[in-house]
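Biologist: I'm new to looking at protein models. Could you show me how to read a salt bridge?

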Amino acid sequence: MAEAKKLADLFHDTLKDVYFAERKIVDTIPKMEQAAKSGQLKAAFTKHLGETKVHVERLEQVFTLIDKNPEPKTCAAILGITDEGDEIMKEYAGTPALDAGLLAAAQAVEHYEMSRYGTLRTWALELGYTEAAGLLQTTLDEEQATDLTLTSIATSVVNQNAE
């Protein structure tokens, strides 16, 4: 009979999943930044690219704290979300709605990340990984701030320009 998996196993698997996701996002943001027309949106993408690179480094610190090697695990969710972003860039290229679509795709990424980081932080606390929980909370705070920035850009500029 297979050994029963525990919360620590689930934490590690989910950590690998989000590690894959963050690395995929590092590869995807420059394409979105290049496609965007709004200066504010381009700047938000540029800023978040720098933050996302730090998120990858923080995840590597968490792996070290739990005595595991950083290892990505293919994340079907982020592949689906980024595929939708690619589809928007193709279908709406050159149209007034492009930036609104890019924003929607970016917020889908942020919401996925917020869900994962919130869960990982909670599990880290449950498992006694206090330092890891602090690192995960810092990233969660940054993801939430990015989501608020994107909402502000959408409601103040981008959505009106798409009409």
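Modeller: Side chains of opposite charge can pair when their charged atoms come close. A salt bridge here is a side-chain nitrogen of Lys or Arg within 4 Å of a carboxyl oxygen of Asp or Glu. Asp 13 and Lys 16 make one, with their closest N and O atoms 3.5 Å apart. This is a predicted model, where local features need pLDDT of at least 70, side-chain atom pairs count only at pLDDT 80 or more, and totals for chains, interfaces and linings use all residues. Residues are numbered from 1 along each chain as its sequence is written, and side-chain values use heavy atoms, leaving out hydrogens and water.

Biologist: Where do Asp 13 and Lys 16 lie?

Modeller: Both sit in helix α1, 3 residues apart, about one turn of the helix. Helices are DSSP runs (H or I, at least four residues), numbered from the N terminus.

Biologist: Is Lys 16 buried or exposed?

Modeller: Buried means under 20% relative accessible area, exposed over 50%, and partly exposed in between (1.4 Å probe, protein chains only). Lys 16 is buried at 12%, while Asp 13 is partly exposed at 23%.

Biologist: How many salt bridges does a search of the whole structure find?

Modeller: It finds 4. Among them, Asp 17 pairs with Arg 116, the closest N and O atoms being 3.6 Å apart. That pair links distant parts of the chain, from helix α1 to helix α4, 99 residues apart.

Biologist: And which residue forms a salt bridge with Glu 142?

Modeller: Arg 58, with the closest N and O atoms 3.0 Å apart. Glu 142 lies in helix α5 and Arg 58 in helix α2, so the pair ties together parts that are 84 residues apart in sequence.

Notes
Helices (H or I, at least four residues) and strands (E, at least two) are DSSP runs, numbered from the N terminus.
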